[in-house]
Amino acid sequence: MFAGRRRVRRVLVGRVVAKLEPGGAQLSLLRIAGALARRGHQTRLLAGIATPAGVEMARAHGVDPEVMGADVDLQWHCDPAFASWLEPRLGEADIVHAHMLGAWWAAAHALPAGVPLVASEHNSYEWWGEPPWAAMAEVAARVDRFYAHGPGARAGARRVGVHEARIRAGVSPVAGLGARPRPGLPSPRIMFTGRFSPDKAPDVLVEAIARMAAPPPVLMLGAGGLEDDLRARVARLGLERVVGFSGWVDDPGAWVAGAAVQACPSRDEAFSQTAVLAMGLGVPVVGTDVDGFPATLAESRGIIVPSEDPAALARALEDVLSGRRRPDIATARVWARQFDAERVATVYERSYDELCSAVAP
């Protein structure tokens with residue numbers, strides 16, 4: 001997948017994200033922007049909507065975002081106002097890389113001819129509802145390269161008419177692969193790291209913990225709209241002494257290192273940076289059979305259970321804790337190393353150079 005670096009032109013990347021919030025897709029684009037900045041490339045980050053925590057996260061990575069603001073979730077909506085807002089802000093970009101449906105749809109309408117458009121889709125289209133297929137098809141021909149981060153995203157791109165030759169497998173950088181355990185954390189422990197949102201299914205994990213006979217401490221690193229519900233659920237199930245909430249952590253490697261198991265109970269998951277980080281740190285992963293996640297955990301790199309099944313998740317966690325089941329930790333660790341941020345940045349740097357060279361006079 002990866003090869004050594006070669007000389008490329010320096011570019012200004014107009015990076016558009018539909019929704020800027022703490023999350024794996026957003027961390028991915030910020031890490032790539034940071035790696036490219038160290039090589040002399042510039043980034044202008046434009047967001048449709050953003051949370052204060054998302055803006056803070058971007059600034060912590062050295063990028064000051066510009067935010068439009070809207071009353072709808074632009075990740076899944078095609079908003080002409082977003083396209084109009086983007087148009088004067090993309091004029092100087094050498095190439096535009098738009099993340100999430102609402103962003104690449106708007107960028108396709110906003111961009112002048114001759115500026116390459118790269119689209120990235122980090123989720124399956126259909127798990128949340130009926131996608132706007134017709135609107136997507138209107139702009140499919142304008143997409144010069146489409147990075148699909150899972151089979152659901154690839155199938156959606158094909159359905160709306162993105163040419164197969166323009167579709168690539170999306171690659172996300174993973175930070176913290178060399179982390180050492182944070183002192184003072186309980187051991188053994190179960191870890192959850194990610195957004196508190198329906199697709200990541202932290203509620204399923206809490207229900208699974210309630211079914212375990214003697215669960216060890218569970219650390220929940222994350223933030224999001226489900227947090228109040230999760231805290232109430234933990235209290236209702238009498239798990240306050242077991243489940244702890246530690247807030248969002250951009251680089252959770254030190255928390256994950258040394259854990260007994262990483263739980264990833266997702267309802268939708270194309271890849272899972274969380275799982276790959278744990279694998280790279282030698283921590284067993286229990287994940288679900290959704291979208292592209294089985295490919296991440298294939299060849300015994302992790303343990304796969306059905307989604308929406310707290311009982312199955314509880315059994316798998318207990319099996320790992322007791323030693324009855326163990327993934328191939330050595331294989332998982334080696335496989336995860338390919339997602340080092342600098343190596344991933346080279347993939348996108350070469351892609352941008354290729355596309356810009358194709359339209360250069």
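The second largest pocket of this predicted model holds about 290 Å³ of space. A pocket here is an open set of points on a 1 Å grid over the protein atoms alone, with protein on both sides within 12 Å along at least five of seven lines, and lining residues have an atom within 4 Å of a point. The volume is the space filled by probe spheres set on the points, which are joined across faces, edges and corners. Lining this second largest pocket are 17 residues, and A169, G170, A270, F271 and A295 lie nearest its centre. Two or more residues of the lining come from each of α6 (151-160) and α11 (293-296); helices are DSSP runs of H or I with at least four residues, strands are runs of E with at least two, and both are numbered from the N terminus. By class, the lining comprises ten nonpolar, six polar and one charged residues, where Ala, Val, Leu, Ile, Met, Phe, Trp, Tyr, Cys and Pro count as nonpolar, Asp, Glu, Lys and Arg as charged, and the others, Gly among them, as polar.

Residues are numbered from 1 along each chain as its sequence is written, and side-chain values use heavy atoms, with hydrogens and water left out. As the model is predicted, local features need pLDDT of at least 70 and side-chain atom pairs count only at pLDDT 80 or more, while totals for chains, interfaces and linings use all residues.

The largest pocket has a volume of about 750 Å³. Its lining consists of 45 residues, with G23, G24, A25, R195 and K200 the closest to its centre. The elements that supply two or more lining residues are α1 (24-37), β8 (190-193) and α10 (273-280), and α1 contributes the most, with five residues. This lining divides into 20 nonpolar, 16 polar and nine charged residues.

Helix packing comes next. The axes of helix α7 (residues 202-211) and helix α12 (residues 310-322) come within 8 Å and cross at roughly 65 degrees. Axes are lines fitted to C-alpha atoms, for helices over the stretch in contact, with angles running from 0 to 180 degrees between N-to-C directions. The crossing of α7 and α12 is right-handed, a term for a near helix turned clockwise from the far one by less than a right angle. On the α7 side the contact (heavy atoms within 4.5 Å) is made by V204, L205, E207, A208, I209 and R211, and on the α12 side by P310, A311, L313, A314 and L317. These contact residues comprise nine nonpolar, no polar and two charged.

Most residues other than glycine have a negative phi, and most peptide bonds are trans. In this model, S187 and P188 are joined by a cis peptide bond with omega of about 0 degrees, and P188 lies in the loop between β7 (167-169) and β8. D291, not a glycine, has a positive phi of about 45 degrees and sits in the loop between β12 (285-288) and α11. D291 is partly exposed, with a relative accessible area of 25%; the class runs between buried, under 20%, and exposed, over 50%, for a 1.4 Å probe and protein chains only. S300, also a residue other than glycine, has a positive phi near 65 degrees. The loop between α11 and β13 (303-305) holds S300, which is partly exposed at 47% relative accessibility.

P116, in the loop between α4 (101-110) and β5 (117-121), is buried with a relative accessible area of 3%. Its C-alpha atom is 7.6 Å from that of D94, 22 residues apart along the chain. Not counting residues up to four places away in sequence, P116 touches D94, I95, V96, L111, D144, L355, C356 and V359. A345, in helix α14 (residues 341-359), is buried at 0% relative accessible area. The C-alpha atoms of A345 and L321, 24 residues apart along the chain, are separated by 36 Å. Beyond four places in sequence, A345 touches A35, L36 and R39. W335 belongs to helix α13 (residues 329-336) and is partly exposed, with a relative accessible area of 22%. Leaving out residues up to four places away in sequence, W335 touches F271, V276, M279, T296 and R301.

Technical notes:
1 Å grid on protein atoms, 1.4 Å probe; cavity = no way out; pocket = protein on both sides within 12 Å on 5 of 7 lines; lining within 4 Å.
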